[in-house]
Amino acid sequence: MNTDITTSTKPEYPVIDRNPAFTKTVGNFNTLDYLRLITISGIRPNIRGPSMVTGGMIGVLGGFMYAYQNRLVSFFPNEDEVAQYKKKIQV
């Protein structure tokens with residue numbers, strides 16, 4: 001699995017939508033994406049006050065951007081989203 005975004009390799013899994021809306025991408029987040037968001041946004045218990053809030057916001061934003069990127073570049077399995085998208089097109 002290649003997670004380096006500077007390479008020009010093709011995605012390993014099918015790309016559902018080449019230009020998805022923000023809400024569509026976030027709507028496709030699964031448990032693993034939320035787990036990535038939470039683990040990257042961990043806060044150290046000995047940081048206090050504004051530093052804790054700032055660190056937490058940076059962590060949450062970084063985790064969200066990591067999960068969002070993983071949803072967009074299709075480097076991870078996405079069979080559920082492919083099936084869901086095909087079902088919507090056939091209706």
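**Exercise 1. Determine how many aromatic pairs this predicted model contains, and characterise the pair formed by Phe 22 and Phe 64.**

Solution. 

Step 1. The ring search over the predicted model gives a count of five aromatic pairs.

Step 2. For Phe 22 and Phe 64, the ring centres are 5.8 Å apart and the planes make an angle of 50 degrees. Ring centres must lie within 6.5 Å for a pair, and an angle is called stacked under 30 degrees and edge-to-face over 60. The pair of Phe 22 and Phe 64 is therefore classed as tilted.

Step 3. Phe 22 belongs to helix α1 (residues 22-27), while Phe 64 belongs to helix α3 (residues 49-73); the pair therefore ties together parts that are 42 residues apart in sequence.

Step 4. Phe 22 has a relative accessibility of 48% and counts as partly exposed. Phe 64, at 21%, also counts as partly exposed, because the buried class requires a value under 20%.

Step 5. Ring pairs join Phe 22 and Phe 64 with Phe 29, Tyr 34 and Tyr 68 in a cluster.

**Exercise 2. Describe helix α3: what is its span, and which of its residues are buried?**

Solution. 

Step 1. Helix α3 comprises 25 residues. From its first C-alpha to its last, α3 reaches 37 Å, which is close to the 36 Å expected at 1.5 Å a residue.

Step 2. The buried residues of α3 are Gly 56, Gly 59, Gly 63, Ala 67, Tyr 68, Asn 70 and Arg 71.

Step 3. Just after the helix, Ser 74 adopts a positive phi of about 55 degrees.

**Exercise 3. Find how many cavities of 30 Å³ or more the structure holds, and specify the volume and lining of the largest cavity and of the second largest cavity.**

Solution. 

Step 1. The whole structure contains two cavities of 30 Å³ or more.

Step 2. The largest cavity holds about 180 Å³ of space. Its lining consists of 13 residues, and those nearest its centre are Ile 16, Asp 17, Pro 20, Asn 28 and Arg 71.

Step 3. Helices α1 and α3 each contribute at least two residues to the lining of the largest cavity. By class, that lining comprises five nonpolar, four polar and four charged residues.

Step 4. The second largest cavity has a volume of about 50 Å³. Asp 33, Arg 36, Asn 70, Arg 71, Ser 74, Phe 76, Pro 77 and Asn 78 line the second largest cavity.

Step 5. Helices α2 (31-40) and α3 each provide at least two residues of the lining of the second largest cavity. The classes there are two nonpolar, three polar and three charged residues.

Technical notes
Residues numbered from 1 in each chain as written. Predicted model: local features only at pLDDT ≥ 70, side-chain atom pairs only at ≥ 80, totals over all residues. Heavy atoms only, no water. Phe/Tyr/Trp six-rings, centres within 6.5 Å; stacked < 30°, edge-to-face > 60°. Helix = DSSP H or I, 4+ residues; strand = E, 2+ residues; numbered from the N terminus. Buried < 20%, exposed > 50% of the residue type's maximum accessible area, 1.4 Å probe, protein only. 1 Å grid on protein atoms, 1.4 Å probe; cavity = no way out; pocket = protein on both sides within 12 Å on 5 of 7 lines; lining within 4 Å. Points joined across faces, edges and corners; volume = space filled by probe spheres on them. Nonpolar A, V, L, I, M, F, W, Y, C, P; charged D, E, K, R; others polar. Expected span 1.5 Å × (residues − 1).
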